[in-house]
Amino acid sequence: MEDKRNNISRSKLEEKEYRKIKKAIASLPKDSFNNPEKAQPAKNIIVPTIVPATIANTYSQNAERPDKITDAQPILDTNSKRIESVARIKKPKAFSTIFRTIGYLKKYWYLLVIAILFALINSTFEIFIPLIIGKGIDHIIGVGQVDFETLGKYIGYLALSIVGFASFKWLLSRVANEMSYRIEQQMHDDIFKKFNKVPLKYIDSSSHGDLQSRMVNDVDLITDGFVLGLTTFFDALATITLTLIFMFRINTTIAIIIVCATPLSIVVASLIAKMCHKIFKRQAKTVGDLSGTLVEMIGNQKIVKGFLYEDRSIAKFDEINSKLKTVNDQAMFYSSISAPVTRFLNGLLYATVAIFGCVSAVRGNMSIGDISIFLSYANKYTRPFNDIADVFADLQAAFASAIRVFNVLDMKNEVSDENLPDIKRCTGDVVFDHVDFSYTQDKKLIQDLNLDIKAGQKVAIVGPTGCGKSTLINLLMRFYDVDKGSISVSGNKITEVTRKSLRKQYGMVLQETWLFSASIRDNIAYGKEDATDEEVRRAARLAGVDHFIETIPDGYNAIINENGDNLSQGQKQLICIARLMLAKPPMLILDEATSNIDTRTELAIQEAFNKMMQGKTSFVVAHRLSTIVSSDIILVMNKGNIIEQGTHKELLAKQGFYYNLYNSQFSEF
């Protein structure tokens with residue numbers, strides 16, 4: 001009984017003591033934490049050479065739970081915009097688009113000349129076929145009145161013409177396809193090179209599926225429409241010209257009737273074309289939307305399934321797919337009425353020629369063979385217009401696609417560094433001098449940032465999500481250029497040296513791993529072109545991934561799927577770390593480099609990192625603050641500003657933003 005009373009009184013004393021501690025903590029000043037928006041950017045921060053701090057025992061079980069740290073809103077919200085709005089590309093004029101497309105033919109002018117020559121020869125053989133048949137008919141007068149000797153010659157000429165027509169028709173198709181494939185290859189190269197030359201913000205802020213659609217689907221439509229349509233045009237032009245020549249030689253009156261009826265077909269085709277253009281423009285845009293959605297959903301299926309988004313993703317896809325179906329129906333309707341209408345008009349023309357031909361034959365002005373020739377020529381004369389009508393839908397789709405492709409090629413390149421010098425020697429000193437930067441003009445981010453980081457120091461960058469930690473990395477690597485001020489590396493302003501030499505000074509491991517479809521060895525050796533097998537294996541051992549590699553089939557020669565989907569997230573990150581271990585760069589950037597690795601492996605990796613960091617300037621972005629307590633300097637960021645800086649011990653002693661951020665990791669809520 002006595003023990004029970006003692007326990008009750010002891011618990012009351014503990015509760016009373018706890019309340020005192022709670023009041024004391026509540027009375028501490030928390031200006032920098034509670035009012036982060038009022039915090040001013042750090043001015044002229046000189047990072048001293050500091051002995052690494054140790055973890056201080058600043059948290060007790062009886063202490064009040066610190067205020068909960070909430071993440072800031074993401075700074076950059078792109079909503080997968082199209083490249084036209086991101087890069088502010090002006091709408092091109094129709095004639096410039098056509099001339100630019102034809103400009104791709106300059107390199108392959110000889111193929112175009114050969115195609116025109118084959119089209120002319122092919123049309124000549126085609127025109128001679130009805131002429132030979134007609135002349136042969138005139139030698140078949142009636143029973144017992146057949147000139148077999150002459151007829152045999154015409155049959156020989158006919159066979160030669162048919163073989164020549166078929167042969168050159170095939171050759172024309174081969175040359176046209178070869179020209180089409182080469183132009184398609186050139187366009188693919190131009191677009192891919194463009195993606196590697198434009199500022200990174202254009203790629204980051206655009207729908208990747210839409211960009212992919214422009215490079216694949218739109219280029220296919222251009223080559224199918226413009227290039228093949230162009231060869232069809234020359235073939236049709238040669239046929240029309242030769243047909244007119246022979247018709248006027250046989251009967252001028254009927255030839256004039258045929259020519260006068262031609263504009264009617266052209267006018268009808270032009271009216272239909274105007275209606276088609278807008279529809280095909282919408283069609284190309286909708287195909288881009290569909291591709292973008294498909295890439296997003298397939299590439300993130302684990303997230304889709306994990307958040308039970310299947311039904312909504314299907315509904316979103318069905319909505320875009322339904323729009324595409326509607327647009328396709330409209331495009332098909334307008335494009336399909338072109339050929340029937342022109343064929344109907346051509347049928348009327350054919351009947352007119354037949355009537356006038358019969359009247360002329362009765363009057364003795366034409367033979368039966370001439371009527372046969374004229375009917376064939378009337379049909380062949382109108383056929384090229386039908387062919388043009390048939391490919392006109394493809395031409396309209398190609399024109400709409402050409403605008404989308406040239407909009408990509410019209411993006412402004414990064415500022416050229418062709419004539420700038422390389423960084424000859426890397427000391428590891430990094431200076432931020434009055435730097436301003438924002439992703440969008442209406443959202444200010446980093447303002448008047450000053451840093452002076454000495455060689456060999458380990459700099460940790462911490463803060464809530466979206467505060468600008470990774471933005472500093474983007475500026476260091478010159479993925480984005482500053483709006484104001486300058487950044488210097490080893491005494492060189494980064495805008496006054498080549499990007500290649502700048503980025504060569506850094507080794508980088510990001511939270512988002514990137515692997516390509518190749519062997520594990522090739523993925524590790526990506527960081528060093530001439531790496532030997534022994535160097536690759538040593539880097540894998542340092543990264544702690546060698547055991548995993550050696551236990552799988554094919555070992556280092558095992559092929560990784562696209563984006564490394566056949567590996568776990570931790571395995572992918574270890575391979576990326578091995579890539580960094582192999583490169584041995586003068587400076588390091590670790591952006592949540594061990595976020596996907598278990599604690600035991602992380603300790604081994606941290607030990608390897610510490611050995612690698614000796615004497616090298618390193619920037620470490622981390623959310624797990626236990627991994628950066630030994631840093632020479634810790635920069636605490638919020639909303640783009642550095643609001644605190646110092647060692648781990650110094651920042652804990654301030655009991656400000658970092659103090660609450662650090663202790664929030666041990667909170668139960």
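Which strands does helix α13 (residues 469-476) lie across? The model in which this can be traced is a predicted one, in which local features need pLDDT of at least 70 and side-chain atom pairs count only at pLDDT 80 or more, while totals for chains, interfaces and linings use all residues. Residues are numbered from 1 along each chain as its sequence is written, and side-chain values use heavy atoms, with hydrogens and water left out.

The secondary structure of the protein comes to 21 helices and 11 strands, where helices (H or I, at least four residues) and strands (E, at least two) are DSSP runs numbered from the N terminus. Of the 669 residues, 45% count as buried, a class that means under 20% relative accessible area, with exposed meaning over 50% and partly exposed lying in between (1.4 Å probe, protein chains only). The accessible surface of the protein, computed by the Shrake-Rupley method with a 1.4 Å probe, is about 36,000 Å², and 57% of this belongs to carbon and sulfur atoms.

An open sheet is formed by 6 strands in the order β7-β8-β9-β4-β10-β11, with mixed pairing; two strands pair if DSSP finds at least two bridges between them. At its edges are β7 (506-509) and β11 (641-646), each of which pairs on one side only. Neighbouring strands of this sheet are turned by 15° against each other on average, direction ignored; axes here are lines fitted to C-alpha atoms, for helices over the stretch in contact, and angles run from 0 to 180 degrees between N-to-C directions. Within the sheet, β4 (residues 458-462) and β9 (residues 617-621) run parallel and are joined by 4 bridges, and isoleucine 461 has valine 621 in β9 as its bridge partner.

To return to the opening question, helix α13 lies across β4, β7, β8 (587-591), β9 and β10 (633-638), and runs at about 145° to β9. Helix α18 also packs on the sheet, where α18 touches β7 and β8 and makes an angle of about 170° with the direction of β7; contact means heavy atoms within 4.5 Å.

Two loop residues deserve a look at their backbone angles. Aspartate 554, in the loop between α17 (546-551) and α18 (569-583), has a phi near 75°, a positive value in a residue other than glycine, and is exposed at a relative accessible area of 62%. Glutamine 655, in the loop between α20 (648-654) and α21 (657-663), has a positive phi near 50°, and counts as partly exposed at 26% relative accessibility.
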